[in-house]
Structure formats: C-alpha cells, structure tokens
Amino acid sequence: MKTPAPLPAPEHGPRPAKARPASARRRRRARRVQPNAFPPKSRIAVGAIVEIEDADTGEGRTFLAPVGAGITLTGPGGDTSVVTPVSPIGAVLGRITGEVVDVTVEGDIREWQITYVG
C-alpha cells in the first residue's frame, strides 16, 4: 500500500503559533505592564507600586499588576513582588497612603498600613 503524498503548504496566511505554557504567557504580558505615575493621595489602582507596613513582618513593596503574580522584580530600590488584585493585597485597591487595612492572609488577620503609592 502506498503512502499518500503530503499536502502542499499554504502559500499565504499566518503560520500557526507554537503553544506556550501559561506561565510563559503571564511573564511575557507582565513585562509589558508599565507602572503608572500616581500623584500624592491617589487611590490605589492596577499599575501602582504600593509599600505597606505589616505590624508583624515589617515592610513590603509590591507592584499591583493585572497578571504576573509571583514574579519578583529587582531594581535600584530593592526587590518588588508582583501581585494581582485577586491576592490578599487586592484589599488595598481604592485606598490611599496612610490608611490601615485589615487583610486575611493564610487564615490570619493582619493589619497593613499603606505607606507609599507610586
């Protein structure tokens, strides 16, 4: 029995994209997100760099991004964790510098004070 000849390649049209793991797509999208400039007393929104002071663990700096949770960015100001609004820090959305927010993290209630929004 003879093997059928392969079909000719299409002459026009896009090439099919290679499947990439979801984590690679998230990292690629996260790299395109630029932090916004937030004037003083701005309400926290996606794109903000937020510094909080946790009464139990000290300070933390995060970049509130639409995607890319779990990535750590290293820059001149130190390490910054990327988080999304669905994480516990999403509770700071709409808040301003100086406010205190009670947040549940791993079943424990923590008190966070917002010390910087940029």
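Colleague: In which element of the protein is confidence lowest, and in which is it highest?

Modeller: This is a predicted model: local features need pLDDT of at least 70, side-chain atom pairs count only at pLDDT 80 or more, and totals for chains, interfaces and linings use all residues. pLDDT is the predictor's confidence in each residue, from 0 to 100. Helices (H or I, at least four residues) and strands (E, at least two) are DSSP runs, numbered from the N terminus. Confidence is lowest in helix α1 (residues 22-32), with a mean of 57, and highest, at 87, in β6.

Colleague: What percentage of the residues score at least 70?

Modeller: Residues are numbered from 1 along each chain as its sequence is written, and side-chain values use heavy atoms, leaving out hydrogens and water. Where pLDDT is low, predicted coordinates should not be read in detail. The protein averages a pLDDT of 75. The share of residues at 70 or above is 69%.

Colleague: Which strands are the edges of the sheet?

Modeller: Strands pair if DSSP finds at least two bridges between them. Here 6 strands form an open sheet with mixed pairing, in the order β3-β4-β2-β1-β6-β5. Two of them pair on one side only. Those edge strands are β3 and β5.

Colleague: How many residues does the hairpin from β3 to β4 pass through?

Modeller: Strands β3 (residues 72-75) and β4 (residues 78-83) run antiparallel, joined by 4 bridges. Gly 75 has Gly 78 as its bridge partner in β4. The hairpin joins the strands through 2 residues.

Colleague: Which residue in β2 stands opposite Val 50?

Modeller: Strand β2 (residues 58-64) runs antiparallel to β1, and 6 bridges join them. Within β2, the residue opposite Val 50 is Thr 62.

Colleague: Which residues have the most contacts inside the largest nonpolar core?

Modeller: A nonpolar core is a set of buried Ala, Val, Leu, Ile, Met, Phe, Trp, Tyr and Cys residues joined through side-chain atoms within 4.5 Å. The largest one has 15 residues. Strands β1 (49-54), β5 (100-105) and β6 (108-117) each give two or more. Most contacts inside this core go to Ile 44, Val 92, Trp 112 and Ile 114.

Colleague: How far apart are the C-alpha atoms of Gly 98 and Thr 115?

Modeller: Gly 98 sits in the loop between β4 and β5. Contact means heavy atoms within 4.5 Å; beyond four places in sequence, Gly 98 contacts Gln 113 and Ile 114. Thr 115 lies 17 residues from Gly 98 along the chain. Their C-alpha separation is 5.8 Å.

Colleague: Is Asp 54 buried or exposed?

Modeller: Buried means under 20% relative accessible area, exposed over 50%, and partly exposed in between (1.4 Å probe, protein chains only). Arg 110, at 22%, is partly exposed. Asp 54 has 5% relative accessibility, so it counts as buried.

Colleague: Which residue forms a salt bridge with Glu 99?

Modeller: The count comes to 2 salt bridges. In this one, N to O is 3.4 Å.

Definitions and conventions
Salt bridge = Lys/Arg side-chain N within 4 Å of Asp/Glu carboxyl O.
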